[in-house]
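Visitor: Could you walk me through this one slowly? I am new to reading structures.
Guide: Gladly, let us look at it together.

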Amino acid sequence: MTAALALSEKPMIGRAGLRRWFAAGAALLLLGMAGCAQPPPAAPYLAAAPSPGMARIWFYRDLNPNDVLAEAYIRLNGAVAGVSVAGGAFYRDVAPGRYHISVDSYVQDPHNDADLVLAPGMEAYAKVLPLENFVQGGGGAVGGGYRRNSFVVWLYPPEHGRAAVAHSYFTAGGS
């Protein structure tokens, strides 16, 4: 067998093989794009009123590229109501009454929490704010060190809260 003949007998990828490679590549591309999909905007959810006889608490957090991206549990009277996500918003319909809102934080301070009383049909807006660089240390000139995620929750008037939620995406609170 000559060298030219040996080269001409190399197996070639047939059309069926090319189609399989193309289909596999397209599937990987679609999976990658689906992983980058954004959650829906929260603005349409603002139009719906709370269930009859209930009140609504919106929880939200601004999307600031300079803030910590850590997530924290938001608690309502000690029970987890959802997860705070940068740029996200969600709500919980609750029975009218007194509520204590807190967010899990490395630094525990009485000013980190909020208390409110809700009547039927009322809406409240609780904003979670990260306190980046509040607790950090170590490292030195070459980096390293540590940071602790600290958060506070503040209540905002409905006119400010609604505007902020309208610019957020709906997360369903992780539930």
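Visitor: So in what order do the four strands of the open sheet come?
Guide: This is a predicted model, where local features need pLDDT of at least 70, side-chain atom pairs count only at pLDDT 80 or more, and totals for chains, interfaces and linings use all residues. Residues are numbered from 1 along each chain as its sequence is written, and side-chain values use heavy atoms, with hydrogens and water left out. The order is β3-β2-β5-β6, with antiparallel pairing; strands are DSSP runs of E, at least two residues long, numbered from the N terminus, and two of them pair if DSSP finds at least two bridges between them.

Visitor: Which strands stand at the edges?
Guide: Those are β3 (79-84) and β6 (114-118), and each has a single partner strand, so one side of each is left without a neighbour in the sheet.

Visitor: How many bridges join β2 and β3?
Guide: Strand β2, residues 72-76, pairs with β3 over five bridges in the antiparallel sense, and L76 has A79 in β3 as its bridge partner.

Visitor: Switching topic, what does D93 form a salt bridge with?
Guide: Its partner is R56, with the closest N and O atoms 2.7 Å apart, where a salt bridge means a side-chain nitrogen of Lys or Arg within 4 Å of a carboxyl oxygen of Asp or Glu. D93 lies in strand β4 and R56 in strand β1, so the pair ties together parts that are 37 residues apart in sequence.

Visitor: And is R56 buried or exposed?
Guide: R56 counts as buried, at 2% relative accessibility, whereas D93 is partly exposed at 26%; buried means under 20% relative accessible area, exposed over 50%, and partly exposed in between, with a 1.4 Å probe and protein chains only.
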